[in-house]
Amino acid sequence: MDLHPDEHVLYEGRPAWRALLSFYVAGLLLAIAVAVVGVLAGGTGPAAGIAAAIVVITLVVGYLRRLFTKYLITNQRLRISRGFVARKVQEARLERVQNVNYGQGFLDRIFNVGTVDFDTAGTDDAEFRFAWVAAPEDVVRAVHTAMDDEER
């Protein structure tokens with residue numbers, strides 16, 4: 001990404017691998033369920049192959065999802081870039097940000113991950129969020145620091 005001459009990066013990150021653990025666990029549980037159904041149906045060969053394929057697909061999808069999602073906070077804007085085959089980029093000028101909130105579930109607190117939501121003025125984009133970030137409170141703090149610096 002090209003930065004403006006007076007722009008500098010305050011935060012750059014990706015979804016945290018720890019946050020994807022629930023995705024990986026769900027894939028593993030699905031694979032186990034397929035294997036159990038296969039054993040109960042009397043055929044372990046195809047069920048084991050399908051279960052192994054589910055595990056591999058889960059690992060690859062989780063990794064690619066993390067690898068091809070990038071979050072950026074500069075002293076002028078917020079940016080989310082997603083996608084491998086098709087690219088989706090969301091940007092918001094920092095002066096348009098009205099509220100910054102973050103949420104963490106029980107497991108998120110244990111792993112110190114969460115989702116940071118940004119409310120921006122004049123847009124209906126309810127999905128402007130940094131999902132699965134490590135240390136979400138630090139991300140909020142970086143935005144507040146940037147907003148305070150901009151006001152000066």
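Start by selecting R77: its relative accessibility is 8%, so R77 counts as buried. Keep in mind that you're looking at a predicted model.

R77 and E91 form a salt bridge, with the closest N and O atoms 3.2 Å apart. Because R77 sits in strand β3 and E91 in strand β4 (residues 88-93), this pair ties together parts that are 14 residues apart in sequence. E91 itself is partly exposed, at 41% relative accessibility.

Next, bring up R79. R79 also makes a salt bridge with E91, and here the closest N and O atoms are 2.6 Å apart. This pair links distant parts of the chain too, R79 being in β3 and E91 in β4, 12 residues apart.

Step over to Q76, in the loop between β2 (69-74) and β3 (77-82). Is Q76 buried or exposed? It's buried, at 12% relative accessibility. Show H4 as well: the side chains of Q76 and H4 are joined by a polar contact of 3.0 Å. Beyond its neighbours within four places in sequence, Q76 has contacts that include D6, E7 and R93.

Jump to helix α4 (residues 136-151), where R141 and E137 are 4 residues apart, about one helical turn. Their side chains meet in a salt bridge of 3.3 Å, N to O. R141 is partly exposed at 45%, and E137 is partly exposed at 42%.

Last stop: select V25, L28, L29, I32, V36 and L40, a nonpolar surface patch with about 580 Å² of accessible area together. V36 lies in helix α1 (residues 21-40) and is partly exposed, at 42% relative accessibility.

Methods: Residues are numbered from 1 along each chain as its sequence is written. This is a predicted model: local features need pLDDT of at least 70, side-chain atom pairs count only at pLDDT 80 or more; totals for chains, interfaces and linings use all residues. Side-chain values use heavy atoms; hydrogens and water are left out. Patches are made of residues with over 30% relative accessible area and no salt bridge: like charges are joined within 9 Å, nonpolar side chains (Val, Leu, Ile, Met, Phe, Trp, Tyr) within 5 Å. Accessible areas come from the Shrake-Rupley method with a 1.4 Å probe; for residues, only the protein chains shown count as cover. A salt bridge is a side-chain nitrogen of Lys or Arg within 4 Å of a carboxyl oxygen of Asp or Glu. Helices (H or I, at least four residues) and strands (E, at least two) are DSSP runs, numbered from the N terminus. Buried means under 20% relative accessible area, exposed over 50%, partly exposed in between (1.4 Å probe, protein chains only). A polar contact is a pair of N or O atoms within 3.5 Å; within protein, one must be able to donate a hydrogen and the other to accept it, and residues adjacent in sequence count only if both atoms are side-chain atoms. Contact means heavy atoms within 4.5 Å.
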